[in-house]
Amino acid sequence: MDAQPEARPGWRKQGTDYLRGFAVLSAFTLLGGLVSQQLPFFFPGPLVGFLLLFVALVGGVVKREWVQSASMLLAKQLGLFFLPAAVL
């Protein structure tokens, strides 16, 4: 028997792009938290992670394509992140 063609071609690549993007974003968020704990003054960890990610993107350590799909997905759902705060 012949193998059946995929129902949605390219869905695996898109899924791995999302996973890679979320992994990179999560890694920089965690790294920012670790760096902010070592600072002698208070500075939010996610903000430190954001700045580190910016430096890595500008320096070419992280490619834009690695985080683009995950960040676009998060940007589309941004309203849902503020909904619980608006209810209170």
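Here are some numbered notes on the structure above.

1. Before you start, note that this is a predicted model, in which local features need pLDDT of at least 70, side-chain atom pairs count only at pLDDT 80 or more, and totals for chains, interfaces and linings use all residues. Residues are numbered from 1 along each chain as its sequence is written, and side-chain values use heavy atoms, with hydrogens and water left out.

2. Let us begin with the overall fold. The protein chain has four helices and zero strands, and its elements run α-α-α-α from the N terminus on. Helices (H or I, at least four residues) and strands (E, at least two) are DSSP runs, numbered from the N terminus.

3. How much of the chain is buried? Of its 88 residues, 17% are buried, where buried means under 20% relative accessible area, exposed over 50% and partly exposed in between (1.4 Å probe, protein chains only). The protein chain exposes about 7,300 Å², and 70% of that comes from carbon and sulfur atoms; the areas come from the Shrake-Rupley method with a 1.4 Å probe, and for residues only the protein chains shown count as cover.

4. Now for the largest pocket, which holds about 270 Å³ of space. Among its 13 lining residues, Leu 25, Thr 29, Gly 49, Phe 50 and Leu 53 are the closest to its centre. On a 1 Å grid over the protein atoms alone, a pocket is an open set of points with protein on both sides within 12 Å along at least five of seven lines, and lining residues have an atom within 4 Å of a point. Grid points are joined across faces, edges and corners, and the volume is the space filled by probe spheres set on them.

5. Which helix gives the most to this lining? Helix H2 does, with seven residues. Helices H1 (11-38), H2 (45-59) and H3 (64-76) each supply at least two. By type, the lining has ten nonpolar residues, three polar and no charged.

6. The structure holds one aromatic pair. Phe 41 and Phe 43 form this pair, edge-to-face, at 6.5 Å centre to centre with 85° between the planes. Rings of Phe, Tyr and Trp (its six-membered ring) pair if their centres lie within 6.5 Å; planes under 30 degrees apart count as stacked, over 60 as edge-to-face and the rest as tilted. Phe 43 is partly exposed, at 31% relative accessible area.

7. Finally, look at Gly 15 in helix H1. Gly 15 is partly exposed, with a relative accessible area of 29%. Its C-alpha atom is separated by 9.5 Å from that of Ser 69, 54 residues apart along the chain.

Methods:
1 Å grid on protein atoms, 1.4 Å probe; cavity = no way out; pocket = protein on both sides within 12 Å on 5 of 7 lines; lining within 4 Å. Nonpolar A, V, L, I, M, F, W, Y, C, P; charged D, E, K, R; others polar.
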